[in-house]
Amino acid sequence: MTIDVPTTGRSLPQLQPISFIGADGRLTDTPTAGLRMPSDRTLTGLYRQMVLVRRFEAQVTHLTRQGRLATYPSAAGQEAAEVGATTALSPSDWLFPTYRDSAALLTRGVPVAEILAAFRGDWHCGFDPHEYHTSPAATPLATQTLHATGFAMAMKLKAADAATLTFLGDGASSEGDTHEAFNFASVWQTPTVFVIQNNQYAISTPLREQTNATMLADRAAGYGMPGLRVDGNDIAAVFAAVTAALERGRNGDGPTLIECLTYRMESHTNSDDPTKYRDAEEVEHWKQFDPIDRVEKYLRSTGALDDAGAEEVNAAAEALAESVREAMNREAEIDPRELFAHVYAQPRPDLAEQQLVLEAELAAAGQA
């Protein structure tokens with residue numbers, strides 16, 4: 001007896017990462033999986049946003065070292081994955097970020113003060129998710145994958161012309177929540193795009209010690225969905241791959257898994273010492289694949305960018321950094337009573353008791 005086994009969506013992704021622009025700024029001759037190379041106009045906008053994001057990350061890191069924020073996980077070096085994927089979203093799509101995706105929030109249009117509010121402990125989330133079609137950044141590993149999948153299922157049931165995109169790291173790809181999200185998304189064909197930012201380390205654990213897979217994109221085949229392996233430092237490739245995956249989801253063709261190969265240039269957070277688990281030579285090696293340098297070289301070679309244009313972008317980045325400093329110089333007006341808001345739909349008796357204790361303490365301090 002012959003059994004027909006469906007193979008749709010089960011083919012393994014190509015081993016060589018999809019790339020349009022090499023580290024030298026020249027067009028590559030690698031396979032592009034039929035994806036469309038972005039126009040010079042689009043790439044110029046992406047370049048500008050990456051420069052803004054990098055200056056933002058540097059400024060916030062400095063402020064954290066000064067004690068102005070409690071903690072901060074920088075995404076320096078991962079600008080192409082953050083900006084490229086987020087820019088591909090339509091206004092009706094929803095983003096489900098992690099704690100390391102402030103660059104994505106900035107690209108999505110969230111004001112700097114609202115992005116950093118949570119890192120200062122000022123408010124629950126810091127911004128209105130509905131205004132920016134962006135979920136609160138998830139700190140627990142991989143929970144956002146389930147949120148993105150469930151939200152996409154709801155949109156599918158409502159026949160909404162929209163998709164969801166969620167970021168996760170290489171370490172989070174081994175979490176149970178991730179596998180549940182992959183399976184549910186594929187079985188129910190939800191319009192979900194999973195973008196794994198493979199930055200080589202899960203805190204201090206290198207990729208080789210947390211998976212024996214040839215590549216993380218391979219996992220897509222096991223769940224019956226397409227998987228792509230992309231040069232995560234080539235913003236042209238990231239933007240093209242995510243744009244196609246989102247279109248696929250909106251058209252009713254289900255989820256896509258995209259692995260972006262990149263590198264975390266800074267520490268895991270400001271409390272981490274990366275010299276304990278990686279050497280300086282490794283960091284220097286990855287600097288030659290800098291996502292901003294390569295697209296700048298390409299745009300200059302085509303005439304789409306000149307010195308004046310680059311200076312204007314750098315000036316805009318400095319203006320952004322100044323706005324970050326000004327935002328952090330303003331003391332937040334915090335009402336401690338908000339600790340009990342937005343926790344449960346129906347107030348719990350134990351929290352009500354705690355709230356009465358707080359009210360009494362505030363009254364005694366003359367803050368009633």
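Predicted model: local features only at pLDDT ≥ 70, side-chain atom pairs only at ≥ 80, totals over all residues.

Student: OK. How does the lining of the second largest pocket split by class?
Tutor: Seven nonpolar, six polar and six charged residues.

Student: Which element gives the most to that lining?
Tutor: Helix H1 (40-65), with six residues.

Student: And what is the volume of the largest pocket?
Tutor: About 330 Å³. Of its 24 lining residues, Tyr99, Arg100, Leu141, Gly169 and His268 are the closest to its centre. Strand E2 supplies the largest share of the lining, three residues. By class, the lining has ten nonpolar, nine polar and five charged residues.

Student: Switching to strands. Is E7 mostly covered or open?
Tutor: Covered. E7 spans residues 256-261, and six of its six residues are buried.

Student: Which residues sit on each side?
Tutor: Thr256, Ile258 and Cys260 are on one side, with Leu257, Glu259 and Leu261 on the other. In a regular strand, side chains alternate between the two faces of the sheet.

Student: Which strands pair with E7?
Tutor: E3 (residues 192-198) pairs with E7 in the parallel sense over six bridges. E6 (residues 227-231) also runs parallel to E7, joined by five bridges.

Student: What stands opposite cysteine 260?
Tutor: Valine 230 does. Cysteine 260 is also the bridge partner of glutamine 197.

Student: What unit do E6, helix H9 and E7 make?
Tutor: A right-handed β-α-β unit, with H9 covering residues 235-250.

How values were computed
Residues numbered from 1 in each chain as written. Heavy atoms only, no water. Buried < 20%, exposed > 50% of the residue type's maximum accessible area, 1.4 Å probe, protein only. Helix = DSSP H or I, 4+ residues; strand = E, 2+ residues; numbered from the N terminus. Pairing = 2+ DSSP bridges. Right-handed = clockwise from strand over helix to strand, strands pointing away. 1 Å grid on protein atoms, 1.4 Å probe; cavity = no way out; pocket = protein on both sides within 12 Å on 5 of 7 lines; lining within 4 Å. Points joined across faces, edges and corners; volume = space filled by probe spheres on them. Nonpolar A, V, L, I, M, F, W, Y, C, P; charged D, E, K, R; others polar.
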